[in-house]
Amino acid sequence: MSKFEFPPSIKSRPVWGTLEPRPGKHHLMIAEAEGAEAILEIATPDLMAKTHLIFIAKGTDYGPKLEALNPMQFRETPTYGSAVQRIERVLSDAAMGLQLYLTGTEGMMGQVMQAAVTAGIPHTAIQTEHRGSVARRMQCVHCKGITEDVEMDPFQCSHCGLNLFVRDHYSRRIAAYQGVCIDAEDPGNVPAPKGIYE
Amino acid sequence: MSGAEKIAVRVTEITPVNDLITRFRFERTDGGPMPMFSGGAHTVVEMKDGDVTRLNPYSLMSDPMDQSAYTISVRRDDEGRGGSLFLHNKVAVGDEMVISYPVNLFPLDLRAKKHLFFAGGIGITPFLSQIKQMERTGGKWELHFAARNPGLAAYADTLTAQYPHHVHVYYDDDNQRIALESLLDGQPLGTHIYVCGPKGMIDWVRNTAADLGWPREAVHHEEFLAPKPGKPFEVKLAISNKVVQVGEHESLLEAIERAGVDAPYLCRGGACGQCETDVIDYDGTFIHRDHWLEEDEHASGKKIMPCVSRFEGKTLVLDR
């Protein structure tokens, strides 16, 4: 089961949607791991013939199934980091009317959205669908370091080592949730970590 | 008092631009500087024509950074309600008038990497100030300007002379059409569209862009509506406890103001949303003409924009 119902939260928290085919001459789809399932659900031969599909496998084996959809262009990469250059290149060459579809973890979708907005796509025009891991990309508000794939709350900042509380406060500019020191008043008094949605 | 803050001005120049369009220059009566504005802004001009006070919005066409004066260009509408005829026929150099502070409902989105302007006829005016703003800030822009013929294409000559590589003019009488689809195809990511002109042109540009997959947020338009005449009707203002007759050539908003009730407004052209008014009770039919309310709100019978919309029927009670 790759879908997860996020509990309602503050306004700052991104709300992810459900992908649907839209009119347009060019389509760019970026799927990460279980996000492949969302692509398989909307794919039609017509749509895929106009689609550049980038698949970030993260150890999953959806690659052959996606390639079998016959996208206009297909590229599989192991991680988000190894896909960044290609994504930026595709965006810099793109024209208005490009439809962008993102599906996978919040961290990947947030970072591609940031790149796409910089390239000139209004953030409200980007389609997203969350699939797979509910881990978060967190920024430490104290040292500003980013810790990827955070699953537990609180967690230790991978840069400065502070114990951070996982907030729903999100920065679209940084594409990360904010982590705030949980034991500033009473150093060492840190609650036992549990899953973010437990 | 509702509306934007007011500025007392004197008419310092009146310049005929072509057979239909005349330019007016306003300077402050107190000699002070005009507020700066942003390209695409308009001012609401107060016109005292006998017993009738008209308040019409006109796009500012001067340089947004030029604080010495504002200029507007007005197209004479012989079938309109008389605002443009008043300016054309009754206003003289030296007259004192009152205009509003600038209000911008058609601003440039400065996140855009390129600005693609589409003007139809007198719809050129907001682009004149936007182009000046773009030239100051080094923005990338391109203008496609459609007019009936060279005699009615206000400012086409100066624009093409000044910006030969940015400005493209099309004349209907010569069967020249903007090749819209091929023009929109291949525009770099981050291009924004702005269109101002007749309703048909605005719809054409917006629909073509939507069909080609352009996001709504990247397509901007401005169309000021003049209130249309209609059958007289009666309105009850519940809060002020007044019953007002709305005349044939008067808008509902103007009738409310004539009754001495201070009602909010900004653009008076169905675009800004300021005058949105709750309907308490009605028995009849609404004639909604604004661009503000959504379709379901129009159908709900719960809201009306009194600047441009009317009513036909027995009873209309407003929360005003």
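Strand S11 (residues 219-222) of chain B is covered on both faces: Val219(B) and His221(B) on one side, and His220(B) and Glu222(B) on the other, are all buried (20 or more other C-beta atoms within 10 Å of the residue's own, with C-beta atoms placed from the backbone). The model is predicted; local features require pLDDT of at least 70 and side-chain atom pairs pLDDT 80 or more, whereas totals for chains, interfaces and linings use all residues. Residues are numbered from 1 along each chain as its sequence is written, and chains are lettered from A and ligands numbered from 1 in the order in which they are written. Helices (H or I, at least four residues) and strands (E, at least two) are DSSP runs numbered from the N terminus.

In chain B, five strands form an open, parallel sheet in the order S9-S8-S7-S10-S11, where pairing requires at least two DSSP bridges between strands. Strand S9 (167-171) and S11 of chain B each have a single partner strand, so one side of each lacks a neighbour in the sheet.

Four bridges link S11(B) in the parallel sense to strand S10 (residues 191-196) of chain B, and Glu222(B) is the bridge partner of Cys196(B). Between S10(B) and S11(B) the chain passes through helix H5 (residues 199-211) of chain B in a right-handed β-α-β crossover, meaning that the path from the first strand over the helix to the second runs clockwise with the strands pointing away from the viewer. Strand S7 (residues 114-120) of chain B is joined to S10(B) by six bridges, also parallel, and Ala119(B) stands opposite Cys196(B).

Notes: A residue is buried if 20 or more other C-beta atoms lie within 10 Å of its own, exposed if 12 or fewer, and partly exposed in between; C-beta atoms are placed from the backbone.
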